[in-house]
Amino acid sequence: MNRDAVIQAKEKLRVAIIGSGNIGTDLLIKVGRSPHLECGAFIGRNLSSSGMMKALSLGVPVSAEGINHIINNPDCCDIVFDATSAKSHFEHAPILRGLNKRVIDMTPAKIGLMSVPSVNMADCLNEFNVNMVTCGGQASIPVAYAIGQTQSDVDYIEVVSSISSRSAGPATRQNLDEYIKTTEDGLKEFSGARRTKAILNLNPAEPCVDMQTTIFAKVKDPDILKLTERLSELVKSVCKYVPGYEIILGPIVENDRIVVMVRVRGLGDYLPAYAGNLDIINCAAIAMAEEYAQVTLNAVSKGN
Amino acid sequence: MKQECQERTRHDCMRVLEGRDNALEPLRKSELVVIGGTGFVGTWIAEMVAALNDAYDFGIKLTLISRSADQFANRLPHLANRSDISLIKSDVRQLGQFPANADWVIHAAANPDVRTHASNPLDTASVIVDGTMSVMRTAERLGRLQKLLYLSSGLVCGAQSVTANGIAENEQGAPVPDASFMYPNAKRFAETLCSAARAQSRTPVLVARPFSFIGPYQSLDTPWAQTTFLSDALRGHQIRVKGDGQVVRSYLYGSDAAYWFLRILTAGEVGDVVNVGSPTGITLQDLAKEVAKNFEPSPEIMFNTAPRSTGRSAKLLPDTTHAQNVYGLTVFTPLEEAIKLTALWHRLQNN
Amino acid sequence: MNPTQEIRISDPTLRDGNHAIGHQLSAENIAAYCKAADAAGVPIVEVGHGNGLGASSLQLGEAKTPDHIALATARENMNRSKLGIHVIPGFATIERDLKPALALGVDVVRVASHCSEADICERHIGFSRNEGAEVWGCLMMSHMISPSMLLEQARKLESYGAEGVVFMDSSGHFMPEDVRVRVDTLVNGLGIAVGFHGHNNLGLAIANSVAAADAGATLIDGCARGFGAGAGNTQLEVLVAVFERLKYSTGIDFYKMLDAADLAEQTLMKEIPTIKSVSVVSGMAGVFSGFMKPVTRIAKEFDVDPRDIFFELGRRKIVAGQEDIILEVAKQLAQQPKKGNP
């Protein structure tokens, strides 16, 4: 059956989610709310996990067969969210490319273009594989980008993120180094800074703290006015897909450096709202998928 | 897997089988399934089955079920590609596909890595408890099942006191209900599930309690004494012994362990509990010296690298009177030899 | 207390001391002190930015001497003493920071986390151990959890392969009994060695260290003249003297230790550590001693009382590494009506 005809008959694009942990399950719930996306397959390893139970309760088709489910049922999806691990994604990426699927990589594998919707949405639309960087990256890159655009000679950008201890599971804790490297690469890419540094703190305080990220920058002759203006445009853009994103301090110059502090409060779809770190990367991923979907559906309805 | 290494592990199995193959007769022409079949125990059982089939014409059909089945196939094609060995990739908690004609089942699925127990105690619990429940439910449907052997742990009776000479199967203690002891607690509960399966479903289950092992196929990355000492020596570092080295452990070689498990599986009475391990203790100090002997130049051994004020030493030894009296099982490969073989195997594998 | 019990001293003068001077120790400083400590027979000398390897940053202060130069310099100037580093995952990565440090000849790696977050240390401990280093786990701000929770975290470190666990009184908050209970709990619950790192905010660093040794700790930290964050660390040359009187043997030459302390006083520090008012407050509030400089600076900038900032940080249970929160708190306090106004 002609693929375009199939799409024409639909109002939504179908997605598959590989990885039934917290990230995958939160994506599942967000997909359910989307006017342009529906979940054609929720794929994991453990059928009795809470994520799988959630999917079943929502009437979403589940599978424990991993990537094979997509190979054997290629019509189940047009877009794939990979929320497994970097190692697994290296395996999945070529297979999914061969099947012509659009891939949104939630892992640190970083095979494709880094995607920060408020900054480079247009560039990402042409790509078959985009990577969502990290939670700290999604929170700080819009600011780093604004700095790169408005300041002359950006020497150094440093980002410190604090997340609540309870929002950091074993996977986060065992992958701090990957988080740091990926965030630093993302910051460099989007700001043009000569050097970057990322730091992650886990805060065990109760009640749980929201995700908070501080961006420091060393630039020549800081222009705070220009930065403030550009930043407020970008923040509006981010808030379209991450309503809980807020600048709580700055931009100011303190102790010879530009300082901006951002807080992200999550939507509380799957994990509690304090897990803004989870939410921001997922909201960004959904925004990416919805844009693909809208463009594809529009093209189909216009072009044929 | 280097050819020479394959030959060595085959040789290890042949040595153990000599004069003892008849005790495993019930396995002849039968179907054996090992769940968690790609770990240390599962791999050695596969080696033993391959030896039984090749040298003694046993005709056993072996199925290994594991969530890392594909990695096993990549690492050990000399086993995975055999026509008498099949692999099923599956999580123990969802045993969808299971050989319906299994005569014998060994449930060895659990991750013995203490680091995972510490960082992921909930996942550790789930694999052991949910996994064992899933195996028991699956066993209810196996029409030809003769025996199911569950691999528990020598730690289910709690920490041993300094003076005890060996933990017997009827030991009364229990581990403290604390996340730091999730592994033995989960294993203890899983043993209880086995008993429940016998009571409720008449499933022919019996239990083995493994203590410590040594041998090829054991990842040197794990932070146990025997693996750390070998790893240090292989890397050309000094061997570091925490404390005064007076802690006592015992180690059973892989081929011996595989034979013990198969013997207990086939000869065991339903409901039996059997310790599997070497009853002969060795201090970590002596273990380090034994390991060092196998390297030229001999690595320096550092004791008391981090001294403790209380010289409290712990022993972890199985009492194997039961295994010996009822099953005729003893240590076949002396520890000195076991260490020598393991060191050599790793050196060959890494060259 | 046993007669001639051995106590191993670990000396973070060139690491914790860096907190006191905004991480401005020079290569010359490091060379000179290392020579002196080596001559005195100090077992372990810890070198680096106050927050450890890879921590030089705007958040925590930029070091005058990059890690690789600091460590190479230290290594060159010590023959008997072991070279140690403090490593916090989240600041230091294995590839960028730890691997090169080990290649420079670091002997002892102390992988540290906030006291309740030991599982972030798993990989760094494993890597260091595989490279043949002596590895310890380190639990910071340990007053923030109960002794039994501390044991739970320490057990994780043990399972990752650490040879010992040091718990730190990072804010100088403990009373000797608090230390005794914790050492006792750890010694009885672990199969590995136990160490203690004290701070002097409430004037109890020496007493706390003695309590630790009496309860079975075998590794104690101390800094020359107490050179360290906030009110300073346990004063090492005093500790050596006290241990000698209590018949603990440290293996350190007393006179040479005094010489090293004199050298530290003359060349490393701008002032000898004392317990200033702010430090009493941070000790009471249980806030990380290393916050003293940024809190003092920011309090001035925002025209608020630094003592109020400390108590608020304590109330919010802010942990080490969260210096950015100081700004937020100062801003909030500045917006409140000043005390005493109608």
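Which residue stands opposite Ile65(B) in S3(B)? The residue in that place is Ile88(B). The model is predicted, and the predictor assigns the complex an ipTM of 0.90 and a pTM of 0.88. For chain C, the mean pLDDT is 94, with 97% of its residues at 70 or more.

The strands of chain B are described next. An open sheet is formed by 7 strands, in the order S3-S2-S1-S4-S5-S6-S11 (chain B), and their pairing is parallel. Strand S3 (85–89) and strand S11 (273–276) of chain B stand at the edges, and each has a single partner strand, so one side of each lacks a neighbour in the sheet. Between neighbouring strands of this sheet the turn is 20 degrees on average, direction ignored. Strand S2 (residues 61–66) of chain B runs parallel to S3(B) and is joined to S3(B) by 5 bridges. Helix H2 (residues 40–56) of chain B packs on the sheet, where it touches strand S1 (31–35), S2, S3, strand S4 (104–107) and strand S5 (147–151) of chain B. The direction of this helix makes about 165 degrees with that of S2(B).

Chain A is assigned two domains: domain 1 (3–132 + 281–303) and domain 2 (135–275). The C-alpha centres of domain 1 of chain A and domain 2 of chain A are 26 Å apart. Their contact involves 19 residues from domain 1 of chain A and 20 residues from domain 2 of chain A. On the domain 1 side, helix H2 (22–33), helix H6 (117–124) and helix H11 (276–303) of chain A each supply at least two residues. By class, this side of domain 1 of chain A has 13 nonpolar, 3 polar and 3 charged residues.

Chain A also touches chain C, in a contact that takes 27 residues from chain A and 25 residues from chain C. Among the elements of chain A that give two or more residues to this contact are helix H8 (170–173), helix H9 (176–191) and strand S9 (195–203). S9(A) gives the most to the chain A side, with 6 residues. The chain A side consists of 14 nonpolar, 6 polar and 7 charged residues.

Chain C is divided into domain 1 (5–267) and domain 2 (277–335), whose C-alpha centres lie 24 Å apart. Domain 1 of chain C gives 21 residues to the contact between them, and domain 2 of chain C gives 17 residues. The side of domain 1 of chain C that touches domain 2 of chain C has 7 nonpolar, 14 polar and no charged residues.

Note on methods:
Residues numbered from 1 in each chain as written. Chains lettered and ligands numbered in written order. Predicted model: local features only at pLDDT ≥ 70, side-chain atom pairs only at ≥ 80, totals over all residues. pLDDT = per-residue confidence, 0-100. Domains from an automatic or database assignment. Contact = placed C-beta atoms within 7 Å. Helix = DSSP H or I, 4+ residues; strand = E, 2+ residues; numbered from the N terminus. Nonpolar A, V, L, I, M, F, W, Y, C, P; charged D, E, K, R; others polar. Pairing = 2+ DSSP bridges. Axes fitted to C-alpha atoms, helices over the stretch in contact; angles between N-to-C directions.
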